[in-house]
Amino acid sequence: MYVTAAVLSVLLALVTLAAGAPKAVLKGDVSAALQSHMGLSARVVRLVGLAEVSATAGLVVGLFWQPLGIAAAIGFALTMIGAVGYHVQVGDYANPETRGNAMAAVILIPVSAATAAALALAM
C-alpha cells in the first residue's frame, strides 16, 4: 500500500505545485483569469496559491510522516471543494468554453481523497 500512497502523493504534489506556484507569484493566465473572470482579489489568489504550494510540501514530507501527508491531501481537497463552489457561482460548468478548466477541481477532489486514504492505510 505504501507504493500506491507514494505514487499518488508524488503525482498530487506535482499537480499542486504546478497549480499553486503561478498563483502564489501572481503570474500567468490562471492568476489573471481568477482576478478578472471570477472577481477574486490578488491577495486571495496569492493565498490560494500559497495553500496549494503548502499542500505540495505537506505531501512530500507526508511520504515520511504520513499524518502530515493525510492533512495536506485533505486540505487540498477542501481547497478544491471551494474552487468548485466558485466555479458554480460564476457559471463555469454551464459554459462549454470554461467547463474544461473548471472540471480540474472536480477531478482532483477524489484524487486527493484517494491519496489521503492510501496514506492512512500505509501507516
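Author: Let us begin with Thr98, which counts as buried because its relative accessibility is 19%, and the cut-off for buried is under 20%. Please keep in mind that this is a predicted model.

Reader: In which helix does Thr98 lie, and which residues does Thr98 touch beyond those up to four places away in sequence?

Author: Thr98 is part of helix 5. With residues up to four places away in sequence not counted, the residues that Thr98 touches are His37, Gly91 and Asp92.

Reader: Is Thr115 buried or exposed?

Author: Thr115 also has its place in helix 5. Apart from neighbours within four places in sequence, Thr115 is in contact with Leu8, Ser9, Leu12, Leu59 and Ala73. The relative accessible area of Thr115 is 0%, so Thr115 is buried.

Reader: Which residues does Phe76 contact, leaving aside neighbours within four places in sequence?

Author: Phe76 is one of the buried residues of helix 4. Once neighbours within four places in sequence are left aside, the contacts of Phe76 are Leu12, Thr16, Glu52, Ala55, Leu108 and Ser112.

Reader: What distance does helix 4 reach from its first C-alpha to its last?

Author: Helix 4 has 25 residues, and at 1.5 Å a residue the expected reach is 36 Å. Just after helix 4, Gly91 takes a positive phi of about 80°. From first C-alpha to last, the reach of helix 4 is close to the expected value, at 36 Å.

Reader: Which helices do the buried residues of helix 4 pack against?

Author: The buried residues of helix 4 include Gly69, Ile70, Ala73, Met80 and His87. Their packing partners are helix 1, helix 3 and helix 5.

Reader: How far apart are the C-alpha atoms of Gln66 and Met1?

Author: Gln66 is found in helix 4 and is buried, with a relative accessible area of 14%. Leaving aside neighbours within four places in sequence, Gln66 is in contact with Tyr2, Leu119, Ala122 and Met123. Along the chain, Gln66 and Met1 are 65 residues apart, while their C-alpha atoms are separated by 12 Å.

Reader: What is the C-alpha to C-alpha distance between Ala77 and Ala105?

Author: Ala77, in helix 4, counts as buried at 11% relative accessibility. Beyond neighbours within four places in sequence, Ala77 is in contact with Ile109 and Ser112. Ala77 and Ala105 are 28 residues apart in sequence, and their C-alpha to C-alpha distance is 8.7 Å.

Reader: How far apart are the end C-alpha atoms of helix 1?

Author: Helix 1 has 23 residues and should span 33 Å at 1.5 Å a residue. Leu26, which follows helix 1, has a positive phi, near 55°.

Reader: What covers the buried residues of helix 1?

Author: Among the buried residues of helix 1 are Ala5, Ser9, Leu12, Thr16 and Gly20. Their cover includes helix 2 (28-36), helix 3, helix 4 and helix 5.

Reader: How is helix 1 oriented relative to helix 3?

Author: The axes of helix 1 and helix 3 come within 7 Å and cross at roughly 155°. Angles over 145 degrees count as roughly antiparallel. Therefore helix 1, relative to helix 3, is roughly antiparallel.

Reader: How is helix 1 oriented relative to helix 5?

Author: Helix 1 and helix 5 pass each other in a left-handed crossing. The contact between them includes Leu8 and Leu12 in helix 1 and Leu108 and Thr115 in helix 5. Their axes are 9 Å apart, at an angle of about 140°. Helix 1 is therefore, relative to helix 5, oblique.

Technical notes:
Residues are numbered from 1 along each chain as its sequence is written. This is a predicted model: local features need pLDDT of at least 70, side-chain atom pairs count only at pLDDT 80 or more; totals for chains, interfaces and linings use all residues. Side-chain values use heavy atoms; hydrogens and water are left out. Contact means heavy atoms within 4.5 Å. Helices (H or I, at least four residues) and strands (E, at least two) are DSSP runs, numbered from the N terminus. The expected span of a helix is 1.5 Å times one less than its number of residues. Buried means under 20% relative accessible area, exposed over 50%, partly exposed in between (1.4 Å probe, protein chains only). Axes are lines fitted to C-alpha atoms, for helices over the stretch in contact, and angles run from 0 to 180 degrees between N-to-C directions. Angles under 35 degrees count as roughly parallel, over 145 as roughly antiparallel, 65 to 115 as roughly perpendicular and the rest as oblique. A crossing is left-handed if the near helix is turned anticlockwise from the far one by less than a right angle, and right-handed if clockwise.
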